[in-house]
Amino acid sequence: MAWVLIVASLVVLWVASLCKILYTSSPPSRNSFLTTGGAFQKRNVLLVVAHPDDESMFFSPTISYITSRGHNLHILCLSIGDADGKGNIRKEELYQACAILKVPLQQVKTLDYPELQDGFGKVWNHTLLAKIIEGEINSHGIDLIITFDRYGVSGHCNHCDVHYGVRSVPTYYASILVQLISGFPF
């Protein structure tokens, strides 16, 4: 009798596992990312990163996807990544990476504000970040923002601050889809 109960339990677990696998393996709807109701519409996308190299380390598949679909991508890098004194080199590497990723260089912006310096323990003001991002939204007619998740992908405090800066953009921009991802939207 006990073995029948064990076998029945295993069968139930197997069926439940199979249902979960089948349910989660179905592809997500493409209608929610970069499309409007299933129809193609060229989007103005803003990728917000903290440092040069973030675009390559965390977002290159996303950048390739967006540019290959003909969307208009802008990249805002909020610092030159000068924690080790190599900010100008890293900034140039960002532009080289964007050229390879087919992002027009006039659509790549790198900032070097004293309040936004690279480094662990350097807390960035979320209100300042929101104002900067709001300016980019207005300048380029942005209708989709992509940035780090709340953990900053790698846990870097500057990455987390970028997430919270995007989330601090005034609520009248709520119609913009803020897609917070870790580099892979699909």
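Reader: How many salt bridges does a search of the whole structure find?

Author: The search covers the whole structure, which is a predicted model. One of the salt bridges joins Arg43 and Asp143. The total found is four.

Reader: How many residues apart in sequence are the parts that Arg43 and Asp143 tie together?

Author: The closest N and O atoms of this salt bridge are 3.3 Å apart. Arg43 belongs to the loop between β2 and β3, whereas Asp143 belongs to the loop between α4 and β6. The pair therefore ties together parts whose separation in sequence is 100 residues.

Reader: Is Glu136 buried or exposed?

Author: Glu136, in helix α4, is linked to Lys109, in strand β5, by a salt bridge with 2.7 Å between the closest N and O atoms. Buried means under 20% relative accessible area. Glu136 has 6% relative accessibility, so Glu136 counts as buried.

Reader: Which residues of the largest nonpolar core touch the most other members?

Author: This core has 38 residues. The elements that give two or more residues to the core include β3, α4 and α6. Ile133 is in contact with Leu46, Val48 and Leu76, among others. The residues that touch the most other members are Val48, Leu78 and Ile133.

Reader: Why is helix α6 largely enclosed by the rest of the structure?

Author: Helix α6 spans residues 157–167 and has 11 residues. Among its buried residues are His159, Cys160 and Val166. Helix α6 is largely enclosed because the number of its residues that are buried is eight.

Technical notes: Residues numbered from 1 in each chain as written. Predicted model: local features only at pLDDT ≥ 70, side-chain atom pairs only at ≥ 80, totals over all residues. Heavy atoms only, no water. Buried < 20%, exposed > 50% of the residue type's maximum accessible area, 1.4 Å probe, protein only. Helix = DSSP H or I, 4+ residues; strand = E, 2+ residues; numbered from the N terminus. Core = buried A, V, L, I, M, F, W, Y, C linked by side-chain atoms within 4.5 Å. Contact = heavy atoms within 4.5 Å. Salt bridge = Lys/Arg side-chain N within 4 Å of Asp/Glu carboxyl O. Lists of a residue's contacts leave out its neighbours within four places in sequence.
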